[in-house]
Amino acid sequence: YDFSEIVGFIGIRLTVYLKDKGFSGDIINSVYSADALNPYLIYNKCKITKDFIEKEDAINFLSAYRRINSIIKDFNFNEKKIFPNKFSSRYEEKLYKNIMDFRESITKKKILPNYSSNLNSVLILTSFINSFFDNVTVNSEDSDEKNNRFNLLLFCKETLNLVCDFSKIKEK
């Protein structure tokens, strides 16, 4: 046996165990990470995530996240660099500033030991994401502006996924 086979076996058994404990596959997949195979931690993250997604604020956040995900999924990213000096609206600036602050705070706090507080702190981003979409045309006529906006949304998704892979959580 090699290490990957052993991790795979444990992962499958852990998934079965968590399903037996009442967690849905989407919640398990959103928190499961083979490179950080810690059954106790994964169990706790499933429990926290399950409670989290039942909150009204979380449902609103997940809706905003899905909006990001659906817009960027088919975009062909060339260079994934964001140019904050080229933002043309305060909504881009606010989203960027808040996602940078969020990223900095979760990096300082460490993601795994503070999973619950990190998960709850994504909720403050909902209004900035929604304001961005309500006031900014992502698919701008100007190609530089368009690329910058798509890169900003990709950065948002990648940052949020540091906490949990929200794209794996099914809509209720």
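A crossing of two helices is left-handed if the near helix is turned anticlockwise from the far one by less than a right angle, and right-handed if clockwise. Keep that in mind for the tour.

What you have open is a predicted model, where local features need pLDDT of at least 70, side-chain atom pairs count only at pLDDT 80 or more, and totals for chains, interfaces and linings use all residues. Residues are numbered from 1 along each chain as its sequence is written, and side-chain values use heavy atoms, with hydrogens and water left out.

Start with the whole chain in cartoon view. You'll find eight helices and zero strands (DSSP runs numbered from the N terminus: helices are H or I, at least four residues; strands are E, at least two). The C-alpha trace spans about 55 × 35 × 30 Å along its principal axes. Of the 172 residues, 38% count as buried, meaning under 20% relative accessible area with a 1.4 Å probe, protein chains only.

Next, select residues 126-135, helix α7, and residues 143-160, helix α8. They pack at an angle of about 160°, with their axes 13 Å apart (lines fitted to C-alpha atoms over the stretch in contact; angles run from 0 to 180 degrees between N-to-C directions). α7 and α8 are therefore roughly antiparallel, the word for angles over 145 degrees. Look for the handedness, too: α7 passes α8 in a left-handed crossing.

Now show side chains. On α7 pick I129, F132 and F133; on α8 pick R149, L152, L153 and L160, which together make the contact (heavy atoms within 4.5 Å).

Note on methods: Angles under 35 degrees count as roughly parallel, over 145 as roughly antiparallel, 65 to 115 as roughly perpendicular and the rest as oblique. Buried means under 20% relative accessible area, exposed over 50%, partly exposed in between (1.4 Å probe, protein chains only).
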